[in-house]
Amino acid sequence: MANNKSISSKISGRINRYKWELMGALNLNNLEINRTLRPCNESEMQDLEIEIKTLDLSSENYYNFLNSPILNKYKKINYPHSKPLEYLSTMTLLDLQGGDKILDAAGGTEGEYIKAIMAVSEHKLTAYCQDSLLDGKTDNGITYIGGSIDAIPLPDESVDGISCHHSFEHFRDDLDIKFIQEAVRLLRVGRKLVIAPIFITNEYAEIWNIKDIQKFDPEKAITICDRTASFAGWGAYEGFARTYSPTVLKTRIINNLPQNCQAEIYQILLDRQSVPDIKKNHHQPLLNGEMKALVITKTH
């Protein structure tokens with residue numbers, strides 16, 4: 001019976017994936033959120049009242065990064081894809097050193113980022129991939145650990161770098177706040193958590209693409225119900241995503257940081273141009289443009 005459920009789940013997942021891919025190819029996804037949400041511009045970002053920096057990647061670095069066997073599939077795409085751009089940004093910002101222990105939080109069951117980093121890094125690393133669907137196995141030097149995102153089963157100050165890719169926006173209720181607190185607990189002093197991308201938009205929004213919606217912050221967030229919204233996710237965690245206005249990112253996230261850390265925002269560029277190119281990465285909504293990363297450093 002359990003095996004039948006697993007097969008059924010895989011079939012359902014593939015059908016959903018093909019549905020979203022088809023809608024994206026026909027430019028029929030994210031219709032409502034594209035009418036409502038856009039990335040914040042530089043002047044609006046000043047409301048955050050934290051330092052905003054720039055990470056300028058090069059095309060040479062990007063295409064060299066794709067030499068990792070796990071990322072070879074992106075070589076078939078004739079434009080810089082948003083996913084390896086996220087990965088390269090995070091690896092660069094974490095500034096990994098030999099012997100580091102790294103954790104990819106909410107990294108999915110495939111562990112694509114961790115596998116890519118392990119393949120291209122010039123350093124020997126100890127790697128963990130966390131996701132609530134994982135079971136604790138170790139394979140090819142990577143330990144796959146389960147547990148909730150706010151209760152990761154690793155000791156205090158045991159990790160040198162934490163990444164979170166395209167998952168932070170899906171954390172429901174107050175898990176966004178609790179995850180950062182948990183990440184700071186895990187980090188060694190002087191090391192970083194990188195959330196990439198962080199979605200800072202003209203509105204603080206809770207986005208749903210299913211019928212059974214909830215309102216986690218109804219007094220402050222607008223609710224967008226968009227059945228075409230691939231941005232809200234599908235599969236095991238389908239249904240919900242959140243974007244922050246600068247004011248709410250400051251009051252909800254920055255102001256709730258533990259006292260022993262500091263935050264910065266990085267604007268990600270490729271050859272001095274904003275990425276990703278949404279006209280080519282058309283599977284992404286407009287709010288995915290002008291990629292940004294939230295970097296939190298444990299100071300003491």
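Tyr113 is buried, with a relative accessible area of 2%, where buried means under 20%, exposed over 50% and partly exposed in between, with a 1.4 Å probe and protein chains only. The model is predicted, so local features need pLDDT of at least 70 and side-chain atom pairs count only at pLDDT 80 or more, while totals for chains, interfaces and linings use all residues. Residues are numbered from 1 along each chain as its sequence is written, and side-chain values use heavy atoms, with hydrogens and water left out.

**Exercise 1.** Find how many aromatic pairs the whole structure holds, and describe the pairs of Tyr87 and of Trp208.

*Solution.* Step one is the search, which finds 11 aromatic pairs in the whole structure; rings of Phe, Tyr and Trp (its six-membered ring) pair if their centres lie within 6.5 Å, and planes under 30 degrees apart count as stacked, over 60 as edge-to-face and the rest as tilted. Step two takes Tyr87 and Tyr113, a tilted pair at 5.3 Å centre to centre with 55 degrees between the planes. This pair links distant parts of the chain, since Tyr87 belongs to helix H5 (residues 82–94) and Tyr113 to helix H6 (residues 112–120), 26 residues apart; helices (H or I, at least four residues) and strands (E, at least two) are DSSP runs, numbered from the N terminus. Tyr87 is buried, at 6% relative accessible area. Step three turns to Trp208 and Phe240, whose pair is tilted as well, with 5.0 Å centre to centre and 50 degrees between the planes. Because Trp208 lies in strand E8 (residues 205–208) and Phe240 in strand E10, the pair ties together parts that are 32 residues apart in sequence. Trp208 has 0% relative accessibility and counts as buried, and Phe240 at 0% is buried too.

**Exercise 2.** Work out why helix H8 (residues 246–253) is described as largely enclosed by the rest of the structure.

*Solution.* Begin with the count: 6 of the 8 residues of H8 are buried, so the helix is largely enclosed. Next, name the buried residues, which are Pro246, Val248, Leu249, Lys250, Arg252 and Ile253. Finally, look at what covers them, which includes helices H3 (42–45) and H7 (175–186) together with strands E10 (240–243), E11 (261–270) and E13.

Technical notes: Contact = heavy atoms within 4.5 Å.
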